[in-house]
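Here are my notes on two regions of this structure. Please keep the 3D view open while you read.

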Amino acid sequence: MGDPCTESNSMAESDSKPPSASKNGKGEGGSGHSFFTWFMVLALLGVWTSVAVVWFELVDYDDVLARAKEFRYNISEVLQGKLGAYDADGDGDFDVEDAKVLLGLKEKPAILVERRAEPDSLVEEPEAEPEPEVVEEMIQPSHAEEAAWPFPDPVEEEPVVLEEVEPEGEEEPVEDEAAPEIEISEEQVEEAQVDWESELEGEPEVAEAEESAPAEEDEDDSLSEDAGENQDTASVPEGDDDVYGSQSMDVESEIQEDHTEDAIDTVGEIVEEAVPEETEEELDHEELLEVDQGDEPTREDENPQEAEEEPAPAEDQPVEKVLVTAEAAQEQKPKEKVKKKKKPKLLNKFDKTIKAEIDAAEKLRKKGKVEEALRAFESLVQRYPQSPRSRYGKAQSEDDLAEKVRSNEVLLKAINTYREVAELPDPPADLVKTTLKRRAERQQFLGRMRGALATLEWLVQLFPEDISLKNDLGVGFLLMGDNKNAKRVYEEVLAVAPNDGFAKVHYGFILKSDNMIAESIPFLREGLQTGDPGTDDGRFYFHLGDALQRVGDSSAYEWYELGHQRGHFASVWQRSLYNVDGLKAQPWWTPRETTYTDLVKALEKNWKTIRDEALSVMDPGRGLFVPEDENLREKGQWGQFTLWQQGKKVEKSCRSVPKTCALLERYPEATGCKRGQIKYSVMQPGTHVWPHTGPTNCRLRMHLGLVIPANGCQIRCTNQTRAWEEGKVLIFDDSFEHEVWQDASSYRLIFIVDVWHPELTQYQRQTLSPI
């Protein structure tokens, strides 16, 4: 019991307090304030969350809306476009009325029969209101027929109507409508959508692949031109008659060029008949078969320089005309050639059935896994011995392996496998041509010129209408030194293709080699002006300029200048073709500059001994001095007696002059010079040697005077003229233009010693090929 006053006060306080809410939000006294509070909290949280999303750009609303809109459009286009093929009442879309016609619940409107009877009117309608491009791509007669058959009880005339209406371009606009409710199974709709989508996506990919296909195809991995010649561009025996000796390099690059200008089409005739049906897988196969040649730039792909700095004309010669004509021809010709090329077809019908396996092996080869690729192709050949493409892949893999391991034995296997490809039954013609061309190149690389010539003759027999193969055959004869048959081949080519630049320059070269100087000039000049593949070669500029010099035509230096601009010559004066870049170039040298002062001193100290031994063998009756045979003389007599040739001692000659040879054997810079000679040179009065250049910049030439008349004997190198002295050495770089006159009353006798260019490394001296 408590104080009554206290109890009454507490009761009054309790009456004045509002009823409290429970934890679950339900008011004990029935008030709704607690619910409103939670509502406001949630609302504020939502507002601040929205602000945060927008402020921090957590959601890209534009992208979401665009995707939603695109999805709505795509779904509408798919359903309207695909089902539009079954438009039976001609109103441009598929609706309930069309479904009734297809189900046989309603007869076809007369308008369809009228369209079939008047097909001409349908052709004109799309011109007035062209239909959307997507619809044209969607509607294909073959797909329409295939999709129509699953429907129950189709009208008998329906397939005919679809065939008639659809090709005529019946207008079927795409509308943003939902698909009508008809009795079509989901499987049929999905199948139709998949067909349409693959068809719609397939065509642009094919077009894109064809447009982006490279103009040059790397059909074969080429071996290096010479295993030992790492620093220079090529090597040939010295002399005008043998200047063509390295044409194997150019023929090889040119044949590769023919392969590289087309992307390979492995699907055969199917692509030509129906391009849209070419699949992505087939396009991938084309990329796989693009081979790795190219490297090499092709004559056609070399970027000619503009003739901005034109040589000063000697008199009133039209220098600008010569340069501009050749420049324009070189720049415009490649563009024309690319358009005319056709894709070679390397798969026959059987090979198309195993294309996936060929692709897998080819991928290995492309990735440089040569051994794995070879095993894969060998397995294919074992399983499919009649497959030409599998055997060709085996040959290519052997070819690649030969380069990788530097093995001639492996390369011989590849050459034999290339032959087997051509001997199989039913190989594609393009594959045979590609295979035998490659075989000839590899044979030439190994020096098997007769075998290469037989392969080229085989090619010409198989493809008698192919002018390029006849041109290659002519080169094969030239490599054999058979100018007569080469001349016959090029005469046959020019009889049917008088403007063939390749045949012209080679025919002109042959005429010049036969000393028909004036007759060679128009063929060389016109051939170079065509800009045809294989004509932009330093040898043809060299021989055209030389021929013009010999007939007294000062435009020779215009062509030398153009050859220099093309990158064939180091300068107008220095026109050697087989060079090492970066070597010091000057026409005249001092003994100190050569660093061979010991050799020079030894020669000058022993010059009388060298002279006396020469005089002892000069008897014409002994026949040791042989006439110069490089067609360098305008007139007179010039004899030579050689002791070392291409770094090899001529033992028989040295037995006649033992003291001289013993002296020289102390100096390997001379006796080991594989790109030079050591010889005596005797020139009779009245002799003139045409302006000419040596073949390489890798050597310097020393002249030791032995018997020198008092007057009348001179040598010019570039624009400096000097005279010999008995017992003294002159040193010059014979890759620069030089000329000799012997107008004395008695013979002139000198001793010629070639030495390595002093800036060549020891490795280069060991690995450079002989000339």
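Predicted model: local features only at pLDDT ≥ 70, side-chain atom pairs only at ≥ 80, totals over all residues.

1. The crossing of α18 and α20 is left-handed.

2. Which residues of α18 and α20 meet? From α18 come P388, R389, Y392 and D399. From α20 come L431, T434, T435, R438 and R442. By class, the contact residues divide into four charged, three nonpolar and two polar.

3. Now to strand β6 (residues 677-683). Is β6 mostly covered or mostly open? β6 is mostly covered, with seven of its seven residues buried. Q677, K679, S681 and M683 point one way from the strand. I678, Y680 and V682 point the other way. Residues on both sides are buried, charged K679 included.

4. β6 has strand β4 (residues 638-645) as a pairing partner. The two strands pair in the antiparallel sense, over seven bridges. To find the pairing on screen, look at Q640: its bridge partner in β6 is S681.

5. β6 also pairs with strand β13 (residues 748-756). This pairing is antiparallel too and runs over six bridges. Here M683 stands opposite R748 in β13. M683 is itself one of the buried residues of β6.

Terms used:
Residues numbered from 1 in each chain as written. Heavy atoms only, no water. Left-handed = near helix turned anticlockwise from the far one by under 90°. Helix = DSSP H or I, 4+ residues; strand = E, 2+ residues; numbered from the N terminus. Contact = heavy atoms within 4.5 Å. Buried < 20%, exposed > 50% of the residue type's maximum accessible area, 1.4 Å probe, protein only. Pairing = 2+ DSSP bridges.
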